[in-house]
Structures are given as C-alpha cells and as structure tokens.
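User: I'd like to go through this model with you, one piece at a time. Could you take a look at it with me?

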Amino acid sequence: MTGRVPAAPPAPRPPVRPIARRPGGDPLIRLFHVSKAYATGTFALRDLSLEIRKGELVFLTGPSGAGKTTLMKLLFAAERPSEGQILVLGRNVARLGERRIPALRRRIGVVFQDFKLIPTRTVEENVALALEVVGRPPREVRSKVFAMLRRVGLQHRRHELPPALSGGEQQRVALARALVNEPAILLADEPTGNLDPELTIEIMDLIAAAAARGTTVLVATHDHALIRRYARRTLRLEAGRLVEDVPGAAR
Ligand code: ADP
C-alpha cells in the first residue's frame with residue numbers, strides 16, 4: 001500500500017460485503033455465516049465464514065469437540081448446515097438435492113483416522129473400488145490403480161489384505177483410494193492420529209504432494225509439531241467458532 005489519498009470518497013458499502021478474494025487460485029470452498037446445531041441442541045459450528053483457494057493445503061485445528069469433523073461433513077454433504085451458505089466447487093451444498101450429492105462426492109477424496117478400508121478386499125481392490133463405483137472401464141481402473149499404488153510405494157503389496165499391513169501402510173492405501181479419482185478436494189480427518197511420528201511425516205508428505213499437484217487439501221489435526229513443520233495456513237476452531245486464521249509461511 002502506498003498511502004496515497006484517494007481521488008474520490010469511497011462508494012457506499014453494499015449491504016452484504018463479498019468476502020475479499022485472496023491472491024492465487026480461485027476459491028473452491030466458501031462458507032458464509034455457517035452454523036450447525038445437531039438435533040441434541042449442541043451447536044457444533046457457529047457463524048463460520050471462510051474461503052479456501054484452489055491448491056491450498058490448510059490445517060484445521062482446535063480441541064476435541066471444536067467442530068472440525070462437523071466442518072468436514074458439511075463440505076461433502078454428509079450433514080447440512082442449520083444456517084448459512086456453503087459453496088463447494090461452485091455448488092451450494094447447503095441446498096444440494098440428494099440426487100446431486102454423488103456427483104459432488106466424486107470430486108472429493110476423504111481419509112479418516114481409522115482408515116476405513118474393507119478388510120476382506122485386497123489393497124488393489126480397495127483402491128479400484130473408488131473407480132469402479134463411478135463406472136470407469138476395467139482397463140483404466142487397472143492402470144490408474146497401479147500408478148496410484150506406485151505413487152504411495154505399495155505396488156508390491158497390492159494382493160494383500162489390509163489387516164496384514166502396518167498402520168502407515170493402511171493409511172497409504174486409504175490415501176491412494178481417496179486420490180485415485182483425481183479429486184479436486186481432499187479432506188483428511190486426523191489422518192495421522194493413529195501413527196507414530198515417522199509414519200506421520202510419510203503420510204503428510206504424500207498429502208502435501210497431492211496439494212502440490214493442484215488438489216485443494218484440508219487436514220484436521222491436533223498435532224502442533226506437524227503444523228509447525230509444514231507451516232501452511234492454519235484455521236483454529238474453538239467451541240464451533242473460527243478463532244484464528246494464520247497464513248502459511250511455506251507458500
Ligand atoms: P471435533 O472434530 O473438533 O472433535 P466434532 O465436529 O466431532 O468436533 O463435534 C463438535 C460438537 O458437536 C461436539 O460437541 C460433539 O459432541 C457434537 N456432535 C458431533 N456430532 C454430533 C451428532 N451426530 N449429534 C450430536 N452432537 C454431535
């Protein structure tokens with residue numbers, strides 16, 4: 001800013017001020033005054049407004065019960081907000097019809113703390129399923145699954161069942177499954193919560209690599225060492241409110 005005196009007085013403010021666009025990619029996720037109350041009366045989120053741009057990797061932190069999982073659920077329409085608007089990939093997910101939800105979810109990969117792999121299907125089958133359910137032809141499924149398992153370093157274990165794998169390996173399979181569809185957005189809810197520090201870095205490096213290729217990533221975590229190490233934008237929730245939005249130093 002130069003501090004020059006403006007030539008004309010500023011125009012009067014419109015009644016609802018649009019959220020300022022940050023420099024960089026287009027916003028892929030936008031929340032406007034979102035609140036979520038569950039049927040029990042608990043307010044999981046209160047008056048939350050934020051935006052996340054294409055290709056950003058954003059940490060979401062805060063104590064247990066702060067609303068992190070609820071925010072993720074709202075983004076892939078597993079829950080609906082009680083108030084406010086949510087735009088994800090240009091769609092208003094607060095109002096999205098049930099029939100349109102699968103098309104939204106196809107563009108969002110999700111990983112969880114407990115992996116959620118199918119224990120009776122091989123590594124390869126777990127990853128393939130993500131492509132089969134969207135009707136990709138078998139030849140494409142085979143080549144994409146192989147390439148994705150190679151990217152996460154697990155092609156040699158592709159015929160094994162998940163329970164035979166370590167926690168870190170299982171999370172790599174879950175990541176491969178989440179990313180094989182080349183989603184626009186990756187939501188990771190405590191993805192390293194069950195892993196030791198070394199495996200945590202391994203998984204987080206794969207997540208950061210997905211962001212470097214253009215996937216917009218939101219990672220919920222309690223792990224402050226992880227947040228410090230990657231130095232990305234960090235949102236902090238407390239009792240359902242956004243109390244901090246700290247820009248990253250690494251990008
Ligand atoms: P976090 O992921 O940060 O631990 P959550 O989003 O899971 O937080 O929970 C936020 C608040 O909403 C908590 O008080 C929790 O008990 C409550 N909550 C979450 N899910 C439900 C639900 N399905 N029904 C009722 N209350 C819920």
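This is a predicted model: local features need pLDDT of at least 70, side-chain atom pairs count only at pLDDT 80 or more; totals for chains, interfaces and linings use all residues.

User: Is Ala188 buried or exposed?

Analyst: Ala188 is buried, with 28 other C-beta atoms within 10 Å. The criterion is that a residue is buried if 20 or more other C-beta atoms lie within 10 Å of its own, exposed if 12 or fewer, and partly exposed in between, with C-beta atoms placed from the backbone.

User: And what is Ala188 in contact with, leaving aside its neighbours within four places in sequence?

Analyst: With those neighbours left aside, Ala188 is in contact with Val111, Ile207, Val217, Val219 and Ala220, a contact being two residues whose C-beta atoms, placed from the backbone, lie within 7 Å. Leu218 is 30 residues away from Ala188 in sequence, and the two are 6.2 Å apart in space, C-alpha to C-alpha.

User: OK, zooming out to the sheet: in what order do the six strands come?

Analyst: The six strands form an open sheet in the order β6-β7-β8-β3-β9-β10, with mixed pairing, and two strands count as paired if DSSP finds at least two bridges between them. The edge strands, each pairing on one side only, are β6 (108–112) and β10 (241–246). On average, neighbouring strands of this sheet are turned by 15 degrees against each other, direction ignored.

User: How many bridges join β6 to β7?

Analyst: Five bridges join β6 to β7 (residues 185–189), and the two strands run parallel; as an example, Val110 has Leu187 in β7 as its bridge partner. Further along the sheet, β3 and β9 (residues 233–238) pair in the parallel sense over four bridges, with Phe59 standing opposite Thr234 in β9.

User: What about β9 and β10, how do they run?

Analyst: β9 and β10 run antiparallel and are joined by five bridges, and Glu238 has Arg241 in β10 as its bridge partner. The two strands form a hairpin with two residues between them, and in its turn Ala239 has a positive phi of about 45 degrees.

User: Switching to helices, what does α6 lie across?

Analyst: Helix α6 (residues 197–212) lies across β3 (57–61), β7 and β8 (216–220), and runs at about 150 degrees to β8. Axes here are lines fitted to C-alpha atoms, for helices over the stretch in contact, and angles run from 0 to 180 degrees between N-to-C directions.

User: How do the axes of α5 and α6 cross?

Analyst: The axes of α5 (residues 167–179) and α6 come within 9 Å and cross at roughly 10 degrees. The two helices are therefore roughly parallel to each other, since angles under 35 degrees count as roughly parallel, over 145 as roughly antiparallel, 65 to 115 as roughly perpendicular and the rest as oblique.

User: Which residues meet there?

Analyst: From α5, Gly167, Gly168, Gln171, Arg172, Leu175 and Leu179 meet Leu199, Glu202, Ile203, Leu206 and Ala210 of α6. By class, the residues of this contact divide into six nonpolar, three polar and two charged, where Ala, Val, Leu, Ile, Met, Phe, Trp, Tyr, Cys and Pro count as nonpolar, Asp, Glu, Lys and Arg as charged, and the others, Gly among them, as polar.

User: Now the ligand: which residues are around it?

Analyst: The residues around the ligand are Tyr38, Thr40, Thr42, Ala44, Gly62, Ser64, Gly65, Ala66, Gly67, Lys68, Thr69 and Thr70, and a residue is near a molecule or strand if its C-beta atom, placed from the backbone, lies within 6 Å of it. This shell has three nonpolar, eight polar and one charged residues, and its largest share, three residues, comes from helix α1 (residues 68–75).

User: How many of the residues of α1 are buried?

Analyst: Seven of the eight are buried, so α1 is largely enclosed by the rest of the structure. The buried ones are Lys68, Thr69, Thr70, Leu71, Met72, Leu74 and Leu75, and just after the helix Ala77 takes a positive phi of about 60 degrees.

How values were computed:
Residues are numbered from 1 along each chain as its sequence is written.
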